[in-house]
Amino acid sequence: MKQQHQSFDCGGCGSNDRFLLHNVRHRGSYRRLCTNCILKTHQGHFCPICLHAYDTSPPPSHARLTCAKCPSVCHLSCATSSSSSSSFVCPPCLNPNFTFFEVNGDTQMDAGDDKRAMDLGSAKALVAAAKIAASSMIKAAAVARVEAERRVKEATLAKKRAREALERLLYLAAKEKERDSKKVKSTNDKRGGDKSSNGLYSRQGSNHGGAGN
Ligand SMILES: [Zn+2]
Ligand SMILES: [Zn+2]
Ligand SMILES: [Zn+2]
């Protein structure tokens, strides 16, 4: 099952640590991302210094610093005293190789025997990523619900249109039938009149024929 195996890889960096992947809805599509990729694609959703995930919105403007290079927002209290509002650059922007999450040791997870060590920073990053993923999926569920309701409405409307079209078709078919039967009747009437005269003509014709012979 190649596809199943693929879904265990991080959709961002390809890391295949399936026990540490989060489900998120990012830019309109569902993805499975590792902690590091979640945090790197959700700047502004958490403080890059203390790794606290913001519940609804980032801290107010007087209590935060925004990265000069990306939308990342950190607590003013977390920034070093030397950073000012114009000079703050978040850790991933300072160092492209920066990683929020690192697990040391044996990466093979045996059942009941996890030998890996996680430092406090990585544990905090994991919690922040899990919180961001959870709120993203809650939003996605709301979007999906609205979408489902819209589809139900569309389906109901389509059904109504189909019923109306069918009614119209039946009505037209009935009308057509009625017109046809009238036409047939009037043709029959005409033909009946013709028949008598035809009989007369044919008789005359046969008489003619007889005379000709
Ligand atoms: Zn990743
Ligand atoms: Zn902070
Ligand atoms: Zn940044």
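1. The site of the zinc ion (ligand 1) is tetrahedral, with angles of 103 to 115° among its 4 donor atoms. Four donors count as tetrahedral if all angles lie between 85 and 135 degrees. The coordinating atoms are C10 (SG), C13 (SG), C34 (SG) and C37 (SG), at 2.2 to 2.3 Å. Donors are N, O and S atoms within 2.8 Å of the metal (3.2 Å for Na, K and Ca); water is not among the atoms, so sites may look incomplete.

2. This is a predicted model, in which local features need pLDDT of at least 70 and side-chain atom pairs count only at pLDDT 80 or more, while totals for chains, interfaces and linings use all residues. Residues are numbered from 1 along each chain as its sequence is written, chains are lettered from A and ligands numbered from 1 in the order in which they are written, and side-chain values use heavy atoms, with hydrogens and water left out.

3. The donor residues of the zinc ion (ligand 1) are spaced C-x2-C-x20-C-x2-C in sequence. C13 lies in the loop between α1 (2-6) and β1 (21-26) and C37 in helix α2 (residues 35-41), so the pair ties together parts that are 24 residues apart in sequence. Helices (H or I, at least four residues) and strands (E, at least two) are DSSP runs, numbered from the N terminus. C13 is partly exposed, with a relative accessible area of 49%, whereas C37 is buried at 14%. Buried means under 20% relative accessible area, exposed over 50%, and partly exposed in between (1.4 Å probe, protein chains only).

4. The zinc ion (ligand 2) has a histidine among its donors: C47 (SG), C50 (SG), H75 (ND1) and C78 (SG) coordinate the ion at 2.1 to 2.3 Å. Its 4 donor atoms make angles of 101 to 119°, and the site is tetrahedral. Along the chain the donors follow the spacing C-x2-C-x24-H-x2-C. H75 is buried, at 18% relative accessible area, and C78 is partly exposed, at 23%.

5. C70 is buried, with a relative accessible area of 13%; C93 is partly exposed, at 25%.

6. The protein chain has 4 helices and 6 strands, running α-β-β-α-β-β-α-β-β-α from the N terminus on. Of its 213 residues, 22% count as buried. Among contacts (heavy atoms within 4.5 Å) with a separation of 6 or more, 46% are between residues 24 or more positions apart.

7. L166, L169 and L170 form a nonpolar patch on the surface, with about 310 Å² of accessible area together. L166 belongs to helix α4 (residues 120-212) and is partly exposed, at 47% relative accessibility. Patches are made of residues with over 30% relative accessible area and no salt bridge, with like charges joined within 9 Å and nonpolar side chains (Val, Leu, Ile, Met, Phe, Trp, Tyr) within 5 Å. A salt bridge is a side-chain nitrogen of Lys or Arg within 4 Å of a carboxyl oxygen of Asp or Glu.

Technical notes. Four donors count as tetrahedral if all angles lie between 85 and 135 degrees; four count as square planar and six as octahedral if opposite donors are over 155 degrees apart and all others between 65 and 115; anything else is irregular. Accessible areas come from the Shrake-Rupley method with a 1.4 Å probe; for residues, only the protein chains shown count as cover.
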